[in-house]
Amino acid sequence: MRHRPVIVVLGERGCGKSVALAQEHTRLLEAGLPVAFLDLGKDVFDLASAAARLRQHLHAGLEQDERFVLLDGLDEGLSDIPGLDKALLHLMQELSEEERCGLRLRITCRTTRWPAVLEEGLCSLWPSAGQVAVATLAPLTRADLRTAAEQHGLDPTDFVTEIRSRNLEALTEQPVTLVPLIEAHAHGVALPATVSDAYAQACRTLCTETRDEGFTRRQGRPPVDHLLAIARWAAAAMQFSRCPALVDGPCTGEGELDLDALAGADVPGPAPQLQCRRHELLYLTESGLLTPVGRRRWVFAHRSFQEYLAAEFLSTSRISATVLKELLWTGSGRARHIVPAHEEIAARLAIADPQLFEDLLAHDLPVLLLSDLQALTARHRARVTQALLEGAPETDFGRIPWNSLDGVDHPGLAAQLQSFLTPDTDPDQQHLALRIAATCRPEGLTQSLLTVAENRAQPVPVRALALRALNPVDDTTADRLLLLAADPQPRIADEALAHLWPHSLSITEYLDLLPDPRSQAAHSLFDSTASLAPEQVATLLDWSTRTLVARGSKSAWAADLAIQAIAHLARTDLPGTTNLLEKQAGQALAALAAHHKPTFRTGMHAAFGKIDTALAAAPALRRRLAGHLLHHSTPEDILRFTRATPRHGLFPDADLLYWLTRWPDLSGKARTAIRLIISSRPRPDDPQLRKAVERARQTDQDLRQATDWWSAPDPLWLVRRRAHERYERHRLTYNENQFTAALEAVHGAGPQTVRQAWSTAIEHLYRTVDGTRVTARSTLDAVAAAPSNPPKGSAPFQALVTAARHVLVTAPVVTAQDIPAWRTGYHRIPELGALGFLLTATQDTTVPQADAARWAGWALAALLDPGEDSALRYTLLQHCADRAGPAFVTAVKDRLHHTLHRLDELTETLASASLHEAMDAVYHWASTPGHPSEPQGDALSLRQARFRSSVGLV
């Protein structure tokens, strides 16, 4: 992530965006990287100062490979300087492509204030997929809450218990409201009941904290309530005058509010009046509510404090409804909405202002969701929920603060959602109802949610979300979930099993039901159950053995599971470990040795490496397991199994001495297996092992005959093999001159030969200093992963870049007919590797965007090959599809008739890559009468997939 050009961090007020950016600033400084930090809410006061500071930071360090510019609080800057986003974009556009190359821009902003025009502009400057990342800071978790309590010296269990007993969980999701709760608990003060109470408590605490500025005296300090009244007045003046800072002295810009402008006889508002002279204002600047950002220049410690206090001022000053509308609202008719800079103000006021609540309900519902809805009555929350659901088809979901949906919870929520969970409900309304159910989890929806999940006519994402919204299951629910766990859609089965395991299913039942198991499931099973009891390990080994013996469809996963179980057994000193458990482990190994396919499956080498490492620390267990294998497997299976495992697996050279010293006691079957193992290896170099082998050879004629080749002249086959090995080492040794010649061949190649020339050049990069064979695992990142990839900036690197660009503009255009029905086979289109190299190394491909057919062919090739499910594949797919434009959509439609068997897979890929135009094309194509029902059903789920993508669910 550090090398991504642009990262935008979004989140609601007080969620820790600024802290996260400050931490990144510290990490960059510690790493010795060039970095500039600018707080847009405190360090700039008008467009001129903002432009000057931004230009200074953007142009600094241009000679560096990477330079970081961190911009905090864009939303605060926009509140004070409305055109700040456009100014920033303009300054970015002034930079040349070369100047932007090393720039690493980081921005924080409130979710609802993030300008779409800025995001679109940034994406146009960095058009490759993944170069502009927009992430949302997740709310604090219960684990974070416990950690925070411990850091403040509190008992985390007691603190969490009190929070839950008073239904204050919502206040613990953001640091700005969590801190007052912790401080109140630490001092024995009653916990605040609402978000507003939490802010009130925090502001009172900050008013008691002082900062000595050297120009006031402690005597005559106003009481806390007096300072708070002045703070409300200052906050309102700054909020609605769009002044980012208070200053004491000459103003240096238009966006500053002079302290003396606030001074007067009294604080504006109802009687009794409190004095608001310069004397009291200076005391306010000393409090923790304000923070200095320059000489005699202050801003509020956090923007949310300013908004809370400004809202309090409007509420307590009895501002007329007419004036309030002028301050908060803009637009008319259907376009009427709250001024974006004042959304939080309106949200806070709506709690106590019935008319404002009604206006927001009718004209700007997303703002109402920012309110502390739990402070309202259940009837009010029910009205918000109903308006939200009824308006779903026409709502701009980009403005919905999804983390705030828990605020609509009320006692009648289940009954209210019930009518939106029927088959004939509008899809957007149904999906939104499911989102609310999944967030609030009201009791009483179990039957309706299960009915949605069981309806196979519903799109798969909808069914899965219905299962995710379920509360803990009972026996009746478990029976229905068992049927869903056997659903042909793996996603549905996974969601059902998540409810059933481990409470309602045994390990064996869970493993039998698990759909499409992958190797990582074995690891996650052990990761989530680090304290497996001996009987659980025994169950896992028994299931793995039975599955391997039966050679069913889950054999490969059973092999992974058996290896993980044995590694777990070797690493863990299980209490009550018995000979029976080791016997089961041996049986699993024997079944694995007899089942050849999983042993040689791709990825098993790494799995065997883990068991080898675990058993290396438990040599006695390794020998006992090897002994079981010797007595219960055929010698041929043992030899094949040993060759498939790294460092000879259960029979390393160190253990051969162990077995040879026991040679007279071994059974005939075991001796045969050891003979095969010893005779397949060169004469041992270790003197002690060689002596033991010689003793065994003297007493065992068969072993002597099997190893006679050690003493005889090398047979012809061995001579040839060793000569071939020397030749291969020489051929696989990297030679820069040969690599340069291969690149020159690429430069001179034409359309019919350039692909082969590029492939040959890449083969040179997989040659090593010592001639060790290294195989490319991926075509797309073949260059980056190559052991002899030249360093960036070197002459060979520049020659490689030039060759890659020549390949892209010279290779024949890829058409739909060039791609087989089942998969692309990237080796057929090696220029995709050149494209992947240029995208990651230079962000410059030199292929004109106008060459839409070429871009469309590459995008189609990336789409149709599931063999490489990597981030680079999606980056390349998005990059090519963006440049191909309508040509990519046309290419996809041309290919659909040949890929009916893969339609579900392709739509998932398009959804993951957010290629909405292509998704719509598939939807319309599949909706045409006459298409097969299964692909049509898959494609019809696209509308829901797109909806989920738009709200961040995909």
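This is a predicted model: local features need pLDDT of at least 70, side-chain atom pairs count only at pLDDT 80 or more; totals for chains, interfaces and linings use all residues.
A salt bridge is a side-chain nitrogen of Lys or Arg within 4 Å of a carboxyl oxygen of Asp or Glu. The structure holds 23 salt bridges.

**Stop 1: D260 and R278**

Select D260 and R278 and show their side chains. The two meet in a salt bridge, with 2.9 Å from N to O. D260 belongs to helix 12 (residues 259–262) and R278 to helix 13 (residues 278–286), so this pair ties together parts that are 18 residues apart in sequence.

**Stop 2: E495 and R468**

Next, select E495 and R468. Here the closest N and O atoms of the salt bridge are 3.0 Å apart. The pair links distant parts of the chain, 27 residues apart: E495 sits in helix 25 (residues 490–500) and R468 in helix 23 (residues 460–468). E495 is buried, because its relative accessible area of 15% falls under the 20% cut-off. R468, with a relative accessible area of 28%, is partly exposed.

**Stop 3: helices 23 and 25 side by side**

How do helix 23 and helix 25 lie relative to each other? Their axes are 9 Å apart and the packing angle is about 0°, and the two helices are therefore roughly parallel to each other. To see the contact itself, color V460, P461, R463, A464, L467 and R468 in helix 23, then R491, I492, E495, A496 and H499 in helix 25, which they meet. The residues of this contact divide into six nonpolar, one polar and four charged. You have already visited E495 and R468 from this contact as salt-bridge partners.

**Stop 4**

Move on to helix 39 (residues 716–731), which holds both E728 and R731, three residues apart, about one turn of the helix. An α-helix has 3.6 residues a turn, so residues three or four places apart point the same way. E728 forms a salt bridge with R731, and their closest N and O atoms are 3.0 Å apart. E728 counts as buried, at 12% relative accessibility, whereas R731 counts as partly exposed, at 29%.

**Stop 5: helix 33**

Now show helix 33 (residues 619–632) as a cartoon. How many residues does helix 33 have? There are 14, and the helix reaches 20 Å from its first C-alpha to its last, close to the 20 Å expected at 1.5 Å a residue. Highlight the buried residues of helix 33 to see where they fall: L621, R622, L625, A626, G627, H628, L629 and L630. Remember L630, as this residue returns at the last stop as a contact of A673.

**Stop 6: A673**

Finish by selecting A673 in helix 36 (residues 668–679). A673 is buried, with a relative accessible area of 1%. Which residues does A673 touch, not counting residues up to four places away in sequence? The contacts are L630, P635 and I638. Draw a distance from A673 to I638, C-alpha to C-alpha: the two are 6.7 Å apart in space and 35 residues apart in sequence.

Key
Residues are numbered from 1 along each chain as its sequence is written. Side-chain values use heavy atoms; hydrogens and water are left out. Helices (H or I, at least four residues) and strands (E, at least two) are DSSP runs, numbered from the N terminus. Buried means under 20% relative accessible area, exposed over 50%, partly exposed in between (1.4 Å probe, protein chains only). The expected span of a helix is 1.5 Å times one less than its number of residues. Axes are lines fitted to C-alpha atoms, for helices over the stretch in contact, and angles run from 0 to 180 degrees between N-to-C directions. Angles under 35 degrees count as roughly parallel, over 145 as roughly antiparallel, 65 to 115 as roughly perpendicular and the rest as oblique. Contact means heavy atoms within 4.5 Å. Ala, Val, Leu, Ile, Met, Phe, Trp, Tyr, Cys and Pro count as nonpolar, Asp, Glu, Lys and Arg as charged, and the others, Gly among them, as polar.
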